[in-house]
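Reader: Hi, I am new to this one and would like to go through it with you piece by piece. Could you put it up first?

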Amino acid sequence: MTDFITLDPVPAPAPGKGDTVLEVRDLSVDFGVDKKWVPAAIGLNYEVRAGEVLAIVGESGSGKSASSMALLGLLPTNSRVSGSVKLGGKELLGGNEANIRAVRGKDVAVIFQEPMTALNPVYTVGAQIVETIRLHNEVSPDQAKERALRMLDLVELPDPEKAFKSYPHQLSGGQRQRAMIAQSLSCDPKLLIADEPTTALDVTVQAEILDLMRNLRNKLDSAIVLITHDMGVVADLADRIAVMRRGLIVETGTAGEIFHNPQHEYTKALLAAVPHLGQGGAASDDDVDVTAALAAATHADLEAVPRSELLRRERENAAALAAADTVKPQGEPVLELTDVAIEYPKQGRVPAFRAVEGANLAIYPGQVVGLVGESGSGKTTIGRAAVGLLPVAAGTMKVVGQDISAAKRNGRQLHEMRRHVGMVFQDPSSSLNPRLPIGESIGEPMFLAGVAKGAALQSRIEELLDQVELPRDYRNRYPHELSGGQKQRVGIARALSLKPKLMVADEPTSALDVSVQAKVLELFQNLQKELGFACLFVTHDLAVVDVLADRICVMQRGRIVEQGTRDQILRNPQEPYTQRLLAAVPLPDPEKQRERRELRAQLLSGAS
Amino acid sequence: MATYILKRFLQLIPVFLGATLLVYFLVFSLPGDPIVALFGDKPVNEAVAARLREQYHLDQPFWIQYLLYLKGIFTFDLGQDFSGRPIAAVLGEVFPVTARLAVMALIFEAVFGIIFGLIAGLRKGKFFDATVLIASLIVIGIPIFVLGFLLQFTIGVQLGWAKPTVSSAATVQDLILPAIVLGLGSFAYVLRLTRTSVIENMNADYVRTATAKGLSRFRVVRVHILRNSLIPVITFLGADLGALMGGAIVTEGIFNVPGVGNRLYRAVTQGEGPTVVSIVTVLVLIYVVSNLLVDLLYAWLDPRIRYDA
């Protein structure tokens, strides 16, 4: 079989020194909405060289995805594209369908955001890769299979034979994304478009996929266009960056230029809004050098940092930890879990599933406890059990002084307890009733609890809208008329309506753009200080916890593996899992991220 | 998988007992004396009537009648109908005819429903789509006997393209027109179901992936959209086979098809308990088995579905 690409490592060319692969000139995209053209991207100009990663960053609606899909003609039919896109000197736009089809998958491959849905569920991974290979190369089925297996091996799937025969749903999210990358690379593309390739993944899996993409870039010498909203991912991978806002590229530059010397106001605002680990939180306002903390805790020796410098940073860190005031908690705990196990009850033939085991946790009045962990770690389960949505299988759970572990489902006791507990949900769009004006959504808990009626209820609703900084006349609007951030403010107002002693917030900002997230978090923080409720803040994002939480609990596979004050966890993480988790969070700073990456590599090699 | 199929077959036992008991009770409760009705306008000969009542166990209470009937089934003797013919022979005569009719109707609605639905879905909002949608609404809206008589008259009598009535042999050719009439209603549903499903799958991420791989539009549709879109359609078709078998009474009446529907109608009006129960029970069994087949087909089409015993 002839090799259509060589997989042997070739020396990586210096970034930006290769030939120009993609040249985009005056690219504009419009969408037809209600018989009007609404611009999504306006006059974009950029080029990408072989072996180079260009990151296009921006928030939702900035046109970063639409403009990149336009390169391959993958937009829906209600769109219009103009300008010029040249791939290796050949024009892609305006040609006939057959031309662009020959380019798709062969010269330009795409990695999509959702590995869950981007692969066809009814065909095996192998069949889908073989389909791509045979489409663009005249090879026999056996040769195609052989090649597909090598691609699966190349993307470091542990058992390529097995992955080949698996259906997408039989693989984990990270494995699926690897399979997706294998498919994209199977025809040796000159250009790879990665559309939010790690957004749907856990942070440790994200770090693995980013490592993989970096390795592949060095091996294959493809040009990569990386579309993302995550500045940490950008810092980890990008050579050059284009910042997009409302359809325009507002700034382009090398990664170093953009991160250290941003020119445009929006770029500055975007960088400032990115919450990053160690940036300071409720308890202390000084930055935590997580890299140094990890190095100290694991006795790692970094090449990227001089020994003396590292020691100095470790000493600073230790001093800050010692100085951190450990305030004695006051009063009775608002939420107290003692050896709690939580089960999802058995449903039909599906046996009961124990999602949490032996959890011990206490939240005192006015305290914010961050519960972090990856998908499936049981963090949301604890949040749900705390408001009585899931039964406690073993141990005792006290909420606002009441033991609810034996409470009947939907019984009187839970009903009573819920008056003192507010909950903010993850998806602001689906957790508000679309047919209720938001004023009614906010007022409903108070009406049902009988605390306010008529004019008193109305004035309380207005007060709550003031608190979450929404105009009072928004009370008559419907959820679809609000932006994501505004909807989440409504969610917070509703949770606050009964003046809860305990607030359970389940990933309240993970569906929001960074700049919106920053504002909602700030609001949340202010309200918490002002009203003094205790809070269980469930999230996968360590940086968010860092901003808000007094204490942090780290969960893994249904167990709380480590807990402590924010400083204890960030400055002196003891559990290997916590260390791995911290090391996987990318920093929005290319140099610091390089240090972090080296540290992570050492941690992983030490672990294995 | 084997245990799953076995379990499903074991489920047939309670379904069988329940169905026979219920139907037997319903026929038993029908008003009027079937034996008296047999004499028609002629005076009733009490001696003959008594003999007939004994022969058909009509002099026994309900439970005895039912148990005797069950005993007959397990000894492979379904009894006789009122004209003295073995019921087993009657079943053997009418079921093949209706099965032929139902399968033809099913093929008609599946083939045309899926093709039309697919094209309409792919051209959502265009002329073809709008036309087909309105047409299907009309078909769903008009009662089947109106459609039946209409087609029988226009296509069968006036144009002479197909035979307006069915011969006693009920050949495939005879049954073309009745099958179309029988399948028309479901055809409209299959069409709409396919269309909705195609539209939903066209916007799926994996279809975009398939396009991004460089596949031709035709291959994207055939390999990636169609198979995913057929999953709900197959469910409907499977359930519909049973409905077509049992629901052919009107169509069979219009075209005078010597099938299950006609015979069942006669048996009900004459109060022939054993005949009614036998026919209905076979229909119920066909229904259950076709549902099982659908479930197995479902697992084959969608690998995410696995049946653990």
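Reader: Thanks. How many bridges join strand 1 of chain A to strand 2 of chain A?
Author: Strand 1 (residues 20–33) and strand 2 (residues 36–49) of chain A run antiparallel and are joined by 10 bridges; helices (H or I, at least four residues) and strands (E, at least two) are DSSP runs, numbered from the N terminus, and two strands pair if DSSP finds at least two bridges between them. A:G32 stands opposite A:W37 in strand 2 of chain A. Two residues lie between the strands of this hairpin, where A:D34 takes a positive phi near 50°.

Reader: Before we go on, what kind of model is this, and how are things numbered?
Author: This is a predicted model, in which local features need pLDDT of at least 70 and side-chain atom pairs count only at pLDDT 80 or more, while totals for chains, interfaces and linings use all residues. Residues are numbered from 1 along each chain as its sequence is written, and chains are lettered from A and ligands numbered from 1 in the order in which they are written.

Reader: Okay, and which strands form the open sheet in chain A?
Author: Six strands of chain A form that open sheet, in the order 6-7-8-3-9-10 and with mixed pairing. Its edges are strand 6 (108–111) and strand 10 (248–254) of chain A, each of which pairs on one side only. On average, neighbouring strands of the sheet are turned by 15° against each other, with direction ignored.

Reader: Stepping back, what does the secondary structure of chain A come to?
Author: Chain A has 23 helices and 20 strands. Its radius of gyration is 26 Å, close to the 25 Å that the globule rule gives for 608 residues, so chain A is as compact as a globular protein of that length; the radius is taken over C-alpha atoms, and the rule is 2.2 Å times the number of residues to the power 0.38. Along the principal axes, the C-alpha atoms of chain A fill a box of roughly 70 × 60 × 55 Å.

Reader: New topic: at what angle do helix 11 and helix 19 of chain A cross?
Author: The axes of helix 11 (residues 265–273) and helix 19 (residues 514–531) of chain A cross at roughly 55° and come within 8 Å; axes are lines fitted to C-alpha atoms, for helices over the stretch in contact, and angles run from 0 to 180 degrees between N-to-C directions. That makes helix 11 of chain A oblique to helix 19 of chain A (under 35 degrees counts as roughly parallel, over 145 as roughly antiparallel, 65 to 115 as roughly perpendicular and the rest as oblique).

Reader: And which residues meet there?
Author: A:A269, A:L270 and A:A273 in helix 11 of chain A meet A:V514, A:S515 and A:A518 in helix 19 of chain A, where contact requires C-beta atoms, placed from the backbone, to lie within 7 Å.

Reader: Finally, how many residues of chain A are in contact with chain B?
Author: On the chain A side there are 21 residues, in contact with 19 residues of chain B. Helix 2 (97–103), helix 3 (115–118) and helix 4 (125–136) of chain A are the elements that give two or more residues to this side, and helix 4 of chain A gives the largest share, three residues.

Terms used. Contact = placed C-beta atoms within 7 Å.
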